[in-house]
Amino acid sequence: MIVISSALVLAQQSGDVDGDLPAVGWRNVVTAGSIVADTQEANFPASNLANPATHLEWRAADDSEQYLTVTTNETDDIDYVGIAKHNFGSAEIPVSVEAYDGANWNEIVEEVMLADDGPVILRFEAQSIGQLRIRLQAGSDNPRAAVVYVGKLLDLERKVYVGHTPLPDGIEAEIANGRSESGNFLGRIVLGEWRASPVPLSLISPAWFREHMRPFLKAANETPFFFAWRPASYPYETGYAWFTGSVPKPAPAGPSNLIAMDWQLSGIV
């Protein structure tokens, strides 16, 4: 799911921002030493949130209101928070984002109840932020999460129109089908399940690729990223993803000689 602050929604409605360009959350200023939580269980510290692996979690020690605070040490603009493998939807935990201006905490993403526990991007107006915090109000269970990214989103140069299956719908499974000697159906066992999604990209200008895409592909060789393929029209089809093999190899395509490539993604939803 992608949640867009009201200020950005107004900008999109006025035509100042194209809300349907694919958004990639790969830049991340969160480190084990820069993120702290109000409370944490002994074996599930807030420092786990800086690890891109989703099997390591932060877990709050109780179900009271919690803050996850990130000191960015950055002067460059920041415009998103990404959270993966959380329970904020099922535990009915209202989520919002606040920034510190040196004197006060100001809300930059309004309170929202998430539709589910899938990866979420909380997007706001790009700005220089020294400290940022995620506010988690009291819900029905102790909040927990595995990954937090804070940084500047990469909006791709072109939209994705056809040939893309969003991650939530790209269900892949390893199946064992039971069948008797006479051909009767005896049952179906799912041995493993994951998500896969192709993303066809084309008409990318070489200059844009060199400045924006090349650094991303270099980082994505090792690190997962958040991906919203069409944020305004498909806000719920958001994932936390990685390339299934080597990073895609760009190639000029005729007759325009602009760059094209196909992404093959796996991820969680």
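Colleague: Leaving aside its neighbours within four places in sequence, which residues is K159 in contact with?

Modeller: Contact means heavy atoms within 4.5 Å. By that rule, K159 touches D18, D20, L21, P22 and R230, once its neighbours within four places in sequence are left aside. A word on the source: this is a predicted model, where local features need pLDDT of at least 70, side-chain atom pairs count only at pLDDT 80 or more, and totals for chains, interfaces and linings use all residues. Residues are numbered from 1 along each chain as its sequence is written, and side-chain values use heavy atoms, with hydrogens and water left out.

Colleague: Where does K159 lie?

Modeller: Strands here are DSSP runs of E with at least two residues, and helices are runs of H or I with at least four, numbered from the N terminus. K159 lies in the loop between strand 13 (154-155) and strand 14 (171-179). L203 is 44 residues from K159 in sequence, yet the C-alpha to C-alpha distance is 9.8 Å.

Colleague: Now strand pairing. How many bridges join strand 7 to strand 8?

Modeller: Two strands pair if DSSP finds at least two bridges between them. Strand 7 (residues 95-100) and strand 8 (residues 105-112) run antiparallel and are joined by five bridges. Look at Y100, which stands opposite W105 in strand 8. The two strands form a hairpin with four residues between them, and G102 in the turn has a positive phi of about 100 degrees.

Colleague: Which residue in strand 10 is the bridge partner of A99?

Modeller: That's L132. Strand 7 pairs with strand 10 in the antiparallel sense over six bridges. Strand 5 (residues 66-71) also pairs with strand 10 (residues 131-136), antiparallel and over six bridges. There, V70 has L132 as its bridge partner.

Colleague: Zooming out, how many helices and strands does the protein have?

Modeller: Two helices and 19 strands. Among the contacts with a separation of 6 or more, 75% are between residues 24 or more positions apart.

Colleague: And what radius of gyration does the protein have?

Modeller: The radius is taken over C-alpha atoms, and the globule rule is 2.2 Å times the number of residues to the power 0.38. For 269 residues a compact globule would come out near 18 Å; the protein has 20 Å, which agrees. The C-alpha trace spans about 70 × 55 × 35 Å along its principal axes.
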